[in-house]
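Me: I would like to go through the labels attached to this model and see what each one rests on. Could you set the values against the cut-offs as we go?

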Amino acid sequence: VLGLYLRFNLTYFQAQGRYVLPAVGPIACAISAGVFYLAKDRKIWGLGLLAGILLAVNAYALERLPSEFATRTTISSG
């Protein structure tokens, strides 16, 4: 689902979570299971790492969103 969502957004800019909503639960479970597996006995460290990763992804998305929106709306209206 995530791959198709990304492919679709390379052509048509749709910053809407409804397209990826069905995959949010499994993606979150996989990420948290992976981080906690890597952290093993250091659960607090794993939780901090997970929070840091999610914060970094959020910051990246918020930084990229305005320029991508402007680029894709300019192309489609011009």
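**Labels and their grounds**

Me: Why is leucine 49 called partly exposed?

Reply: In this predicted model, leucine 49 has a relative accessibility of 31%; buried would require under 20% and exposed over 50%, so leucine 49 counts as partly exposed. Leucine 49 is located in helix α3.

Me: What makes Trp45, Leu49, Ile53 and Val57 a nonpolar patch?

Reply: Membership asks for over 30% relative accessible area, and nonpolar side chains are joined within 5 Å. Leucine 49, at 31%, passes that first cut-off of over 30%, and the patch of Trp45, Leu49, Ile53 and Val57 has about 350 Å² of accessible area together.

Me: Why is the contact between arginine 64 and glutamate 68 called a salt bridge?

Reply: The cut-off is a side-chain nitrogen within 4 Å of a carboxyl oxygen, and for arginine 64 and glutamate 68 the N to O distance is 2.4 Å, so the pair qualifies as a salt bridge. The structure holds 1 salt bridge. Arginine 64 and glutamate 68 are 4 residues apart in helix α3 (residues 43-77), and are therefore separated by about one helical turn. In an α-helix, residues three or four places apart point the same way, because there are 3.6 residues a turn.

Me: Is arginine 64 buried, partly exposed or exposed, and what makes it so?

Reply: Arginine 64 has 33% relative accessibility, which falls between the limits of 20% and 50%, so arginine 64 is partly exposed. Threonine 71, which also has its place in helix α3, is partly exposed at 42%.

Me: How do you know that the length of helix α2 agrees with its number of residues?

Reply: Helix α2 (residues 21-39) has 19 residues, which at 1.5 Å a residue should span 27 Å, and its end C-alpha atoms are 28 Å apart, so the two agree. The buried residues of α2 are Ala23, Val35 and Ala39, and after α2 comes lysine 40, with a positive phi near 45°.

Me: What is the order of elements in the protein?

Reply: From the N terminus on, the order is α-α-α, with 3 helices and 0 strands.

How values were computed: Residues numbered from 1 in each chain as written. Predicted model: local features only at pLDDT ≥ 70, side-chain atom pairs only at ≥ 80, totals over all residues. Heavy atoms only, no water. Helix = DSSP H or I, 4+ residues; strand = E, 2+ residues; numbered from the N terminus. Buried < 20%, exposed > 50% of the residue type's maximum accessible area, 1.4 Å probe, protein only. Patch = residues over 30% accessible without salt bridge, like charges linked within 9 Å, V, L, I, M, F, W, Y side chains within 5 Å. Areas by Shrake-Rupley, 256 points an atom, 1.4 Å probe, with all protein chains shown as cover. Expected span 1.5 Å × (residues − 1).
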